[in-house]
Amino acid sequence: MTGVALRALLSHWRQHRFQLAALIVGLALATALWVAVQAINAEAKASYAKAEGFVQEFDRKSLVSTDKPLTVADYVALKREGWPLSPVLEGRLKIENQWIDLVGFDFLTFPPVPTISAPGAQAPDGAFLISLLRPPGGLILNPQTAADLAISKQGLAIHLSDAVPLGSGIADISLVSRLLGKPDSLTRLIYLGPDPPETKTLGQLPDHIRFSSANSAAIEPSALTESFHLNLTAFGFLSFVVGLFIVQGTIGLAMEQRRGLFRTLRCLGLPFRNLVLALVVEISIIALISGLIGLIIGYFLAAALLPGVAVTLSGLYGAEIENTLSLRLAWVLSGLAMTLLGASIASSYGFVSLWHLPILQAPSTRARGQQVLRNFNGWALLGAGLLGLGVLSLLFLGGLSGGFVFLGCIMLGTALLLPYFLWHILRAGQSATRHPLGHWLWADARAQLPGLSLALMALMLALATNIGVGTMVSSFRLTFSDWLDQRLASELYVTARDDAQGEAIQQWLEEKGLRVLPIRSRVLQQPSGQITIYGVRDDPTYRDNWPMIDVLPDAWDLLAQGQGILISEQLARRQNINLDETLSLPEGWPHRVLGIYSDYGNPHGQAIVSMPQLLRNAPQAENQRFGVRLDPDHIPVLTNALREAFDLTNENVTDQGQVKEASKQVFDQTFRVTDSLKLLTLGVASFAIFTSLATLWSQRLPQLGPVWAMGVSRQALAQIDVLRSLLMAGLTALLALPLGLVLSWALLVVINTEAFGWRLPIHLFPLDWLWLVSLSLLAALLAAILPAWRLFRLHPSALLKVFSSER
Amino acid sequence: MSVNRFLLCLCLLAPSPALAQGFAGLGTEADGFAVPVPDVPLTFPMDHGPHPDFRIEWWYLTANLEDELGQSYGIQWTLFRSALAPGEAEGWQSPQIWMGHAGLTSATEHFSAERLARGGIGQAGVTLAPFQAWIDDWQMSGQEDLSQLTLTAKGDAFSYSLEAQAEGPLVLQGAQGYSVKSPEGQASYYYSQPNYRIAGRLTLPSGPVTVSGDGWLDREWSSQPLSENQSGWDWFSLRFDSGEKLMGFVLRGANGAKDFRSGTWISATGEVTPLPPGAFQAVPLAQAEVAGRKIPVRWELRLPEKDVFLIVEALNPQSWMDVTFAYWEGPVAVSGSHRGTGYLEMTGYE
């Protein structure tokens, strides 16, 4: 019996193929976006886990030198005192236009390296180890890095290991010191003895050498990137919810249309339980099919978005993730589970109405004015409560999580308030209109509000997200661009091959009467993290252009006198230091904070001292990069002269414009993912409106019939339909605007500061909003056109039937 | 001669995974390294220093010691040099690798420690004038002619600091220092100083002990010392109450090959007699379970032409050197036709 019932129920979809398509597309879209985001997150997390595992393996308790470079002589002296140490030399090497982070270990004294095994071998293999120690040596790379580089021509043996993070290479210290041209330097000394060290028997450390805690040297990608993934998840969830609105509408319609069938089946003796069972089976089948389609779409969507995400993460946080997607059980299962859960949530309303279905009573036109209003009031109350909760969480929970709770509450709360506001606006419009048809238009819009409200809520959320994220990205871009103009004040940037050439180039330029600004720095490993300290000459270029956030009046004079230090915003926030306070640095460095400047996109701390100060504390600082001030017209001539005089490549001499262009390109690529997600969300919301209108269409004939009978042509009715759809979408878009602004405020001021460590000024882009409002109107127009067209083409007999048939 | 030292070095430097096949093939190729040739006189003090053109080399001192209560101890101090390629280079580019082993044995305890270091940076090495051999904080230093040495080493649970005074001349092993190791002609340069009087202090977990006794230094270098058909070796350096000394070794044949036996007899007056092949005989009498394998810790040695019949017994059967390439090495007591003490080293027991 149930089987027969199921067949009867399923026959509905044969007759309403479009409805079935809408249902499947809705569920599949919802699943796809959710799955895509989950897949991206899973991939990124796997990459982090690998990177962190790698870091933990190697980033043991280490000795570092605080204020002068660590040398091989330091290492040998400590070893000869009995310190159980193993040396590490790290550095960046440019191979074929790509930077690679080299880590050199002494494989002889630090062999417990999991990556050091021959391809296919399980355990470290003596012969393999020897091949790494013996010239020409071997470099161990992640397969993806190796594929990107193709560096076999360097004569090195390349070994592949998944355990090596992207963009890094591991080799014996002899090879790394050769590649980096640093025979005497070391980065740190891994401590291999018991913890805590027995300084009693080992002797005291020299003044400039001290322990650095295990993970202070490396930045923790997980903490930083968490917000990014939370963001992605929020996007995914939003899309999922919007997708569910579609499904809810479609299932509601299918239930409504099958009332007659239900009644017939019940009258034929089908128990209510079996009917419900048959419906559950039906929904589950549809959900599973849609879920599988969604998984496939989601997989490809994720694969398409992942490279962008990889760029974002490496650009913003310095976290490398792999840009190939693998099928992971976690997100496959979570995707299917979400589809089933979503389908059951979306159909629950349908089942509840089925429960209340009087078997013998014919479905009547639902006049549900007061009932609906009571619903809307309830929603509005809930929404207001959520708004309150959001504000409270911002005030009392604080931090990144407080920011996200605030965002969630505000968005959901405002969405719940939307029908209430719309209802009242429409009623006000109705009372203000005298023209009977106009009056009817407002009233009819109000009558449709219950059916459309979910879709409109979806539209509003999508619009607000677009405005919020768009404002954030555009503000960021504008600020970043200004900042680039300030930071890249020199007209030409030159990179020498080594210090000797650097000196020669500097002399050559100065002989030509040009102002040369050497870019020299020293990296300090501090307990709180890494700080790069730059030395600057006392030059108006800095005084006039440097992007200061907060600065003492005579900061540049004091700096030039060696009386203080300028620090980046990130460093200031991380260490909670204000202007004129003291930055903790080793002896010899200036401590007084003279100013705080913005340094976007840099995960590490940065500071500036005067050049003499830098050279006093770090005489070995590389002297290979220079900014050159000159008349922009002379750039091509000088560039050519430099290249010829010093045999430099194009990359060694770049003008300001090129650097800015490259930086902006990286920036734009960074936010490509956000753009795609924005558009996708908006697309899904438009589809929701469309399905809602399509759902309402069949219910509206009984209301249209009498209006038509009173002499309003079908054409006019169709026009009014389109107009009403535009009206609703327009109102929604207007209400979405304030929400979007609150959202962008939260993103820029709360989330951004917490996640990145810098605060961005808000820039407003009203033209973008106009564009978005037009886009939503266009969506509403497109969504309304098909139902309107059907209305326009409707045979008068169908309208006449309203009066004869049961509906 | 202490053949296991070859294994240690060669395993470390093996061009192919060689452990599974014993050390097959390793001794036959010299790969551009210098090769020992007969009739090249050793020159001192130069030959006390390193020979980077040869693949492997060691400075190897063992001592039998007693504390004031008459309790016996043994110590080992060894510095190995192994070259990845012939010659020397600056800094990290040096192809030389150094390895230190230290052992301390009592009747009830045995400790071992290991150090590894790169050449070229000063972390380990050997220099002359004055003589200095070191790795990390371990040191063997003193007179350029090795007549006086100071020794220090330490591990997690032990350390020692000893003074050694030579009371006799150097002994050139084999033919004037050219020591043949197989019927196929593999050989090394090999000399010893078997006449050290030693005094100093051991530090054990139970506390410091003042000791004195006798020491034996071996110096050896080569590039292709072993035959393919040898699976392990048993090496004895024995010092008799009569003042006579015996160095003897058995390179155990594998794959049906015969054992290769050789040695040197040193008279009480210091006359050195290389033993003809086969003259020295060694038969295991009893085995002990050591580190999961059976190892002979009681031996019968015969040297019929000198009317020598000896029972050699380990002071501590568990003298297992638990280092990267583990082996057995410890002090022994000698009884039979002669009484005395000495050191025994055994490798290749699986």
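How many salt bridges does a search of the whole structure find over all chains? The search finds 25. Keep in mind that this is a predicted model. The exercises below work through some of these pairs, then the interface, then the confidence.

**Exercise 1. Find the partner of Asp539(A) and say what the pair links.**

Step 1. Look at the side chain of Asp539(A): it meets that of Arg515(A) in a salt bridge, at 2.8 Å from N to O.

Step 2. Check the surroundings. Asp539(A) is buried, at 8% relative accessibility, whereas Arg515(A) is partly exposed, at 38%.

**Exercise 2. Work out what the salt bridge between Asp580(A) and Arg592(A) ties together.**

Step 1. The closest N and O atoms of the two residues are 2.6 Å apart.

Step 2. Both residues lie in the loop between α18 (569-575) and β16 (593-597) of chain A, so this pair ties together parts that are 12 residues apart in sequence.

Step 3. For accessibility, Asp580(A) has 40% and is partly exposed; Arg592(A), at 32%, is partly exposed too.

**Exercise 3. Decide whether Arg81(B) and Glu57(B) are buried or exposed, and locate their salt bridge.**

Step 1. The salt bridge between Arg81(B) and Glu57(B) has its closest N and O atoms 3.0 Å apart.

Step 2. Arg81(B) is in strand β2 (residues 72-83) of chain B and Glu57(B) in strand β1 (residues 56-67), so the pair ties together parts that are 24 residues apart in sequence.

Step 3. Buried means under 20% relative accessible area. Arg81(B) has 1% and is therefore buried; Glu57(B) has 0% and is therefore buried as well.

Step 4. Now look for shared partners. Salt bridges join Lys79(A), Arg115(B), Asp136(B), Asp137(B) and Lys154(B) into one network.

**Exercise 4. Describe the interface of chain A and chain B.**

Step 1. Count the residues: 25 come from chain A and 22 from chain B.

Step 2. Take the area. About 2,000 Å² is buried between the chains, with carbon and sulfur atoms giving 58%. On the chain A side, Arg80(A), Leu108(A) and Arg134(A) supply 32% of the area that chain A buries against chain B, more than any other three residues.

Step 3. Eight residue pairs are in polar contact across the interface.

Step 4. The elements giving two or more residues are α3 (72-80), α4 (126-133) and α6 (173-180), and α3(A) has the largest share, with five residues. The residues on this side divide into 12 nonpolar, five polar and eight charged.

**Exercise 5. Judge where chain A should be read with care.**

Step 1. Compare elements. Confidence is lowest in helix α8 (residues 221-257), at a mean of 65, and highest in α3(A), at 92.

Step 2. Look at stretches with pLDDT below 50. Residues 214-224 have 26 contacts in the model beyond near neighbours in sequence, and residues 362-370 have 12.

Step 3. Draw the conclusion. Where pLDDT is low, the predicted coordinates should not be read in detail.

How values were computed. Residues numbered from 1 in each chain as written. Chains lettered and ligands numbered in written order. Predicted model: local features only at pLDDT ≥ 70, side-chain atom pairs only at ≥ 80, totals over all residues. Heavy atoms only, no water. Contact = heavy atoms within 4.5 Å. Buried area = accessible area lost by both parts, 1.4 Å probe. Polar contact = N/O pair within 3.5 Å; in protein donor to acceptor, adjacent residues only side chain to side chain. Helix = DSSP H or I, 4+ residues; strand = E, 2+ residues; numbered from the N terminus. Nonpolar A, V, L, I, M, F, W, Y, C, P; charged D, E, K, R; others polar. pLDDT = per-residue confidence, 0-100. Salt bridge = Lys/Arg side-chain N within 4 Å of Asp/Glu carboxyl O. Buried < 20%, exposed > 50% of the residue type's maximum accessible area, 1.4 Å probe, protein only.
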